[in-house]
Amino acid sequence: MRASKTPIVKLSIPKALRKADTYIQSHRLEDALAQCEKILTVDPHQPDALYMSGKIAHLAGQNELAVELLNHAIRNNDRNHFYFNDLGLALYSLGQRDAAMQHYQQALALKPGYAAAHNNLAIVFQEYWSQ
């Protein structure tokens, strides 16, 4: 008698990333994180999975972890404006306004018309002016 083999399912990283993004948008953070963890098991340096994991950490209020994950994503891809903006958000949440401002500016250097980074930068400037 032959032993039956369990089929090996190859992980589609783009599909898993889309699934994680859909989960994030619908506030299913645990499901999104599970998708990211699957990807990072296959490729521990996959920048989009690191970015999404950092975004999830920030949304869950784990900003120190978010900073660590987002920095790791940037080390693997320093050309994505979303990474810098979200790193700025996590830093801002930790009270590090100057560092947050630098990352919002980096996001704008990569994509000058990025409205979210303009808005976030304006919030920091407004805080400085109102002191």
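Reader: What covers the buried residues of helix 1?
Author: Helix 2 (29-42) and helix 3 (47-59) are among what covers them, where contact means heavy atoms within 4.5 Å. Helices here are DSSP runs of H or I, at least four residues, numbered from the N terminus. This is a predicted model, so local features need pLDDT of at least 70 and side-chain atom pairs count only at pLDDT 80 or more, while totals for chains, interfaces and linings use all residues. Residues are numbered from 1 along each chain as its sequence is written, and side-chain values use heavy atoms, with hydrogens and water left out.

Reader: Which residues of helix 1 are buried?
Author: Ile13, Ala16, Leu17, Ala20, Tyr23 and Ile24. Buried means under 20% relative accessible area, exposed over 50%, partly exposed in between (1.4 Å probe, protein chains only).

Reader: Why are they on the same side of helix 1?
Author: Because they cover an arc of only 125 degrees around the axis, taken from the directions from the helix axis to the C-beta atoms. An α-helix has 3.6 residues a turn, so residues three or four places apart point the same way.

Reader: And which are exposed on the other side?
Author: Lys15, Arg18 and Gln25.

Reader: Changing topic, how many salt bridges?
Author: The count is 2, taking a side-chain nitrogen of Lys or Arg within 4 Å of a carboxyl oxygen of Asp or Glu. Arg28 pairs with Asp31 at 2.8 Å, and Glu127 with Arg97 at 3.2 Å, N to O.

Reader: Where do Glu127 and Arg97 sit?
Author: Glu127 is in helix 7 (residues 115-129) and Arg97 in helix 6 (residues 97-110), 30 residues apart.

Definitions and conventions: Helices (H or I, at least four residues) and strands (E, at least two) are DSSP runs, numbered from the N terminus.
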